[in-house]
Amino acid sequence: MADATQSAPMQSAPVQTGPMLAADGTPLKQSLARSLRNQKIRALALIAPLLLFVLLSFVIPIGQMLFKSVENDIVADTLPLTVAALQDWDAASGELPDEPVYEAFVTDMIEAVAAKQHTRLGTRLNYEETGMSSLFRKSGRQIRRIDIAEDAPFKEKLIDINEDWGDVETWSVIKTHSVRMTNGYFLNAVDMKRTPEGAQSQPEDRQILVKLFIRTLIMSLAITGSCILLGYPIAWIIANQPARIGNLLLILVLLPFWTSLLVRTSAWIVMLQQQGVVNEILVWLNVIADDARLVMIRNEVGTIVAMTHILLPFMILPMYSVMQTINPSYLRAAKSLGATNFTAFWRVYFPLTVPGIGAGSILVFILAIGYYITPEIVGGTSGIFISNRIAFHISSSLNWGLAAALASILLAAVLILYWAYDKIVGIDNVKLG
Amino acid sequence: MATFKLTHVERKPMSFTMPVIAVTGSIAGFLVGTANGSGLIGFLAGAAIAAAVAFVCISFLSDGMEKLGRWGLFAVLVAIGTVMGGALGFVVSVLFGAFFQWFIYWIGEGRYRTKLAPYLTPGQVLWHFSFKFICGSIFVFLITPILVVMPLSFNAEDFFTFTEGMLRFDPEAYSLKHYRDFFTNNEWQRSFKNSLIIAPIATVISVTLGTLAAIGLSQSHVPGRRAIMAVLISPMIVPLIISATGMFFFYSDIGRFLEGTIGIDKTTVGYIKVILAHAVLGIPFVIITVTATLVGFDRSLTRAAANMGAGPVTTFFRVQMPLILPGVISGGLFAFITSFDEVVVVLFVGSASQKTLPWQMFTGLREQISPTILAVATILVVMSILLLLTVELLRRRSERLRGMSPA
């Protein structure tokens, strides 16, 4: 700016030599920068309380929870001497550890029993090898009576207390899971386990989680697909009606959206159960026999139907907001140029609605993949999702590490989709009615 | 709209009307027939009767006599239905009667063409109405489950199913006992009260913080706006079970701190935990709705206010707030319904004394299925209709305020 005024000497106004000044005498550039900085600070000050609140009570707690998936201090903390002594032992040799290991173990255990830590350790190791929990609990009671100064050697005694202490497998499990940061839970989450020889797959009968992940994925896709199929005509008809009727229809779509989730889920129990509305009508119409009523609840069908109903508004609203902007004369133009109805729709209208379908699909898929309540109530055993397994490990089996590992994998999937959604649609474009 | 005719309408030939009506009649006949033993007889009889009725109506009872024809057909159908099937037959025949008295003339007189462009081929006309039928079915799918719950909540039995008596419309089979149970049972009342304590407070927190942040986010120069937005919207996106477990560990620490170090009593701490957890869940909705309202907000209004000597606080409350209020309120309603309808987080974070209504319903659905749940469901549906209407009115008001044409 200052240069521009200097290079125009013909002007009659007095030539300013220094930088341009603001009213208070500071250079304009500086003054503008300050005002911009103030604006930024003011905006951030408005955002800060909420951002801090969300970070502190939401983002960080989730991060901490996910950290439990690799955290494994309990073995090394409870049996420090044993872990050190086991360093030199090779499980692959097939021989039991030597006396020093047993001595270290008894020393550790006496302390652990006094602190009542041995049962927790047993529970932890039980996730990896069934029987460890009772082994630690039972042995704990007897190890307490051993006197560390007089009762050596301990190897024989310990094997006397429980013959599992004479099993190489037991020591191998302790050694394998003694690291402070473990990938064991993540391996468990994909149906593998941590062994001295590296990662190996679980026995056939314990391989359920990968199947569950795949099922969650397939069912979420099925739900998204049926939402597209059902949502598309509805969005179209709402967007192409006169405003008054369109608004009325939109309210019909929003009503389920505003109705309590549990109300809708219980409504689907009423509809789909063996004595439910659908079965009664089919029996009354003699379409099915009274003793051959369809099983539509507490399985995949129930979950897919109920969740399609619950998530349908999330598909319709983005589709509708895209279709609303499409000029109906495009279709007429295509037809007047000789396109058939189908060609006009498929080559002209449909490509224009793809952003709406994409936005709706990602949203529905994200919401479906992490659903918990509805599968829990109407899913039975074959219609549950990975979320239900996470809840089970958090509240029933108390295997928090595995729950955290499963949650991390699920969250990673959701965040990738969230990122894609942000890229494609932009999160500030989410519409709620 | 009804008087507006796009296409010239004329009576269709019988060779068109009779088959169409016969096909429809055969479907109706099939439904009635299967219920009474033989679908095939019903199918054929339905087709024959419908074709005959259509012929009579269009040939003899049309033009000036149309009203007579319509009411006559309706009355005859209802009479037959009631004699044959009692109360249920009455309902079915009223539906069929209402449909056919309209449908026969609609087809026969060619009125279905009224609102369609004249150049459409018969195939396109058929597709047009098939499409409407498909959409209608989807709307039925959307709404029926919600409507079905309502009559069932007046069940006199303790079942989750329609009883024989209800289908016969026997007044004995209906009662208000599940509503009485809801209003007298301590468990339900306490959980309802808890919901009414937790949801409003959580809403106030998320609306206050959310509105401020939304205003901050709408300023022109916000460093890292996209990232901040992503963080603030994330509670809506992260699966609830993950949020719930994260909060479970976090709030048990906070709870211990509040109880042990500061010495607040256990129940209050429980409420604080659940309220804060719910406030986080409501925030994305407030942010989204308020940001949407601020998009159309005219910035020069705040400058004008400042120019006339108003401080930032006065400007906010007297100029900006009244204009964005509709968005703030509907965001608040979203936050309210989120908290009011939330189960997973409260299951993990709360303890038995913070049992909310959805929690009680959830345990009810999992353990002992009692129709009281349906009574509660009906009350909640009525409530959500009211909320929905409020939001709709607010949205229109907001568009008017911002000078947009009401969509």
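I started with A:Glu163, which sits in the loop between α8 (155–161) and α9 (168–176) of chain A; helices here are DSSP runs of H or I with at least four residues, strands are runs of E with at least two, and both are numbered from the N terminus. I noted that the model is predicted, so local features need pLDDT of at least 70 and side-chain atom pairs pLDDT 80 or more, while totals for chains, interfaces and linings use all residues. Residues are numbered from 1 along each chain as its sequence is written, chains are lettered from A and ligands numbered from 1 in the order written, and side-chain values use heavy atoms, leaving out hydrogens and water.

**Negative patch.** I found A:Glu163 exposed, with a relative accessible area of 65% (buried is under 20%, exposed is over 50%, partly exposed is in between, with a 1.4 Å probe and protein chains only). A:Glu163 gathers with A:Asp164, A:Asp167, A:Glu169 and A:Glu197 in a surface patch of negative charge. For patches, residues need over 30% relative accessible area and no salt bridge; like charges are joined within 9 Å, and nonpolar side chains (Val, Leu, Ile, Met, Phe, Trp, Tyr) within 5 Å. Asp and Glu count as negative, Lys and Arg as positive; His and chain ends are not counted. Each charge is placed at NZ of Lys, CZ of Arg, CG of Asp or CD of Glu. The areas come from the Shrake-Rupley method with a 1.4 Å probe, and for residues only the protein chains shown count as cover.

**Positive patch.** I then listed A:Lys116, A:Arg137, A:Lys138, A:Arg141, A:Arg144 and A:Arg145 as a positive surface patch. A:Arg141 belongs to helix α7 (residues 132–143) of chain A and is partly exposed at 47% relative accessibility. A:Lys116 lies in the loop between α5 (99–114) and α6 (118–126) of chain A and is exposed at 64%. I also noted that A:Lys116, not a glycine, has a positive phi near 55 degrees.

**Another positive phi.** A:Asp191 is not a glycine either, and its phi is about 60 degrees. I placed A:Asp191 in the loop between α10 (184–189) and β1 (192–195) of chain A. A:Asp191 counts as buried, at 5% relative accessibility.

**Salt bridges.** How many salt bridges does the structure hold over all chains? I read off 15, each a side-chain nitrogen of Lys or Arg within 4 Å of a carboxyl oxygen of Asp or Glu. One joins A:Asp77 and A:Arg180 at 2.9 Å, N to O. A:Asp77 is in helix α3 (residues 73–78) and A:Arg180 in the loop between α9 and α10, both of chain A, 103 residues apart. A:Asp73 is linked with A:Asp77 and A:Arg180 in a salt-bridge network.

B:Glu66 is in helix α3 (residues 66–108) and B:Arg111 in the loop between α3 and α4 (122–152) of chain B, so the pair ties parts 45 residues apart in sequence. B:Glu66 is buried at 15%, whereas B:Arg111 is partly exposed at 29%.

**B:Met18.** Last, I checked B:Met18 in helix α1 (residues 14–35) of chain B, which is partly exposed at 26%. Beyond neighbours within four places in sequence, B:Met18 is in contact with B:Ala51 and B:Phe55 (heavy atoms within 4.5 Å).
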